[in-house]
Amino acid sequence: MARTAKHDAIHALVDVKQGLVSRELFVNEDLYQQEQEQLFAHCWLFVGHESQIPKPGDYFVSGMGEESVILTRDQEQKIHVFLNTCRHRGMKVCRYDEGNTPVFTCPYHGWSYATDGRLVGVPYFRECYGEQLDKGEWGLVEVPQLMNYKGTIWATWDEAAPPFAEYLGGMKVYLDTLLDCRDGREGGSEVLGGVQKWVMPSNWKFAAENFAGDAYHNISHRSVDLAGIGPSGAGRRDTAERSTAQRLGASFPDLGHGAVSFLQLDDIPYTPSYQNTPIVEEYFRHCYEERKRRLGKDARLLGLVGNVFPNTAYLARQPRSIAVWHPRGALRTEAWRWFLVDADAPSEVKDVLRHYYLRYSGPAGMTEQDDMENWNYATLASKGVIARRYSYNYQMGLGQDYGTYDSPGVLTDRIAEQNQRGFYERWAAYMDGARTDPRNGRRNDGRATRKSARPGAHRPESRGKPPDADGRSHSGG
Ligand code: FES
Ligand SMILES: [Fe+2]
């Protein structure tokens with residue numbers, strides 16, 4: 001196959017076979033600009049949650065790459081995502097974070113747009129335009145594709161992008177562990193409180209690859225676990241149920257997604273996690289049993305962390321949240337975090353979870369602070385002309401054999417860096433312009449890619465105790 005100079009340049013930066021990724025990806029402004037064009041203008045991106053805009057006229061201002069967008073519900077209850085820029089001279093049409101409005105009125109010259117995007121008001125339309133402006137041509141720019149997936153709203157600027165379900169592929173199974181009710185019913189989540197937003201002096205990919213499956217950095221959170229911020233108000237920062245399950249990394253190199261989950265290899269009784277709050281404890285015990293009853297063996301998969309390519313990350317369980325790493329320059333990221341809860345959970349449960357979530361995540365959350373410190377200092381220490389010459393190492397687990405499990409993706413059952421390699425393999429494909437045919441003839445359904453799932457397969461006999469079974473490894477985030 002004839003190779004282009006661009007192809008060679010990109011693949012010189014990302015060599016997943018050797019497990020090497022250039023530091024240029026994290027510090028180079030030219031590459032950053034190319035990402036805006038090659039990735040963010042084409043990928044499916046998370047915009048917000050339908051519970052943020054329950055009524056007609058509700059809106060939430062979000063972002064897709066560097067673009068400001070308005071997520072809104074029109075008078076007919078239809079959900080839209082519009083580019084937040086006036087068609088007249090580009091002024092930001094909506095400068096609030098969220099609210100309710102009959103129209104979006106541009107502050108500059110006063111053009112106004114209905115919540116379905118139509119241009120409905122033009123000052124001096126008769127006097128100055130002589131009624132010669134075709135208002136039907138000058139409505140807000142709308143995304144060509146939008147998807148409401150179990151309450152989460154996703155959109156892409158690429159009308160040729162594959163449908164969302166195809167883009168997600170086998171990652172669906174893992175994303176569902178975030179979005180489905182704790183008792184196994186489909187969907188049913190709502191956003192708890194407001195969206196936390198903060199700025200990090202680091203490249204967005206540090207956060208994305210960490211959430212795609214960096215299970216290796218538990219040492220960073222040692223002090224948090226000593227402080228004891230767990231769900232019950234003490235102890236390890238997440239729940240103890242993980243200690244009875246098999247760690248499972250799932251990578252989708254053809255799609256770019258990565259997830260880490262815990263797979264119970266048998267039916268395991270509920271593990272208490274909220275001992276100090278009996279109502280909450282009872283709620284989660286009930287949900288656990290109910291989920292087992294509803295889903296049968298599928299209930300054995302407990303979600304942990306993941307990253308939907310390119311920049312939407314989640315913590316599926318404890319704490320349950322979704323994050324977007326908005327790119328704001330090679331050395332700058334705006335992080336947004338939404339906290340989720342079952343919409344019909346009792347208020348006592350929501351209250352306890354709210355406190356727990358805040359202890360853990362967001363700019364004031366102790367675990368999130370640890371992560372940011374790593375990414376920020378890594379950025380600083382990587383941008384010098386000398387430092388840039390030395391690739392990062394992603395060789396953990398390269399070429400090793402792993403067990404077979406009945407779960408989608410390229411699976412690793414120990415701490416490894418396959419998920420990060422998968423992320424950068426897809427990054428390189430997008431940057432190389434291979435995005436329009438993401439599969440390129442390879443398997444694209446996310447199931448049983450490469451050496452992964454064999455239906456009915458479980459833990460291999462030869463495996464010893466997984467290195468994380470004693471709770472020493474990181475739960476992500
Ligand atoms: S820029 Fe919006 S009306 Fe002129
Ligand atoms: Fe972390």
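**Sheets, domains and a helix crossing in a predicted model**

Good morning. I begin with one residue pair: Val 14 has Val 21 in strand E2 as its bridge partner. Strands here are DSSP runs of at least two residues (E), helices are runs of at least four (H or I), and both are numbered from the N terminus.

A word on the source. This is a predicted model, in which local features need pLDDT of at least 70 and side-chain atom pairs count only at pLDDT 80 or more, while totals for chains, interfaces and linings use all residues. Residues are numbered from 1 along each chain as its sequence is written, and chains are lettered from A and ligands numbered from 1 in the order in which they are written.

To return to that pair, E1 and E2 (residues 20-21) are joined by 2 bridges in the antiparallel sense; strands count as paired if DSSP finds at least two bridges between them. They belong to an open sheet of 3 strands, ordered E1-E2-E21, with antiparallel pairing. E1 (14-15) and E21 (392-393) each have a single partner strand, so one side of each is left without a neighbour in the sheet.

The next sheet is also open and antiparallel, with 3 strands in the order E8-E9-E10. Its edges are E8 (103-105) and E10 (119-121), each pairing on one side only. From one strand to the next, the twist averages 35 degrees. E9 (residues 112-114) pairs with E10 over 2 bridges, and Tyr 113 has Leu 119 in E10 as its bridge partner.

I turn to the domains. An automatic or database domain assignment supplies the bounds, giving domain 1 (46-145) and domain 2 (161-436). Their C-alpha centres are 33 Å apart. In domain 1, 8 residues are in contact with 10 residues of domain 2, contact meaning that C-beta atoms, placed from the backbone, lie within 7 Å. The domain 1 side of this contact comprises 1 nonpolar, 6 polar and 1 charged residue.

Finally, how do helices H6 and H11 cross? The axes of H6 (residues 204-213) and H11 (residues 418-431) come within 8 Å and cross at roughly 135 degrees. H6 is therefore oblique to H11; angles under 35 degrees count as roughly parallel, over 145 as roughly antiparallel, 65 to 115 as roughly perpendicular, and the rest as oblique. From H6, Ala 208, Glu 209, Ala 212 and Gly 213 meet Asn 419, Gln 420 and Phe 423 of H11. These contact residues divide into 3 nonpolar, 3 polar and 1 charged. Thank you.

Definitions and conventions. Axes are lines fitted to C-alpha atoms, for helices over the stretch in contact, and angles run from 0 to 180 degrees between N-to-C directions. Two residues are in contact if their C-beta atoms, placed from the backbone, lie within 7 Å. Ala, Val, Leu, Ile, Met, Phe, Trp, Tyr, Cys and Pro count as nonpolar, Asp, Glu, Lys and Arg as charged, and the others, Gly among them, as polar.
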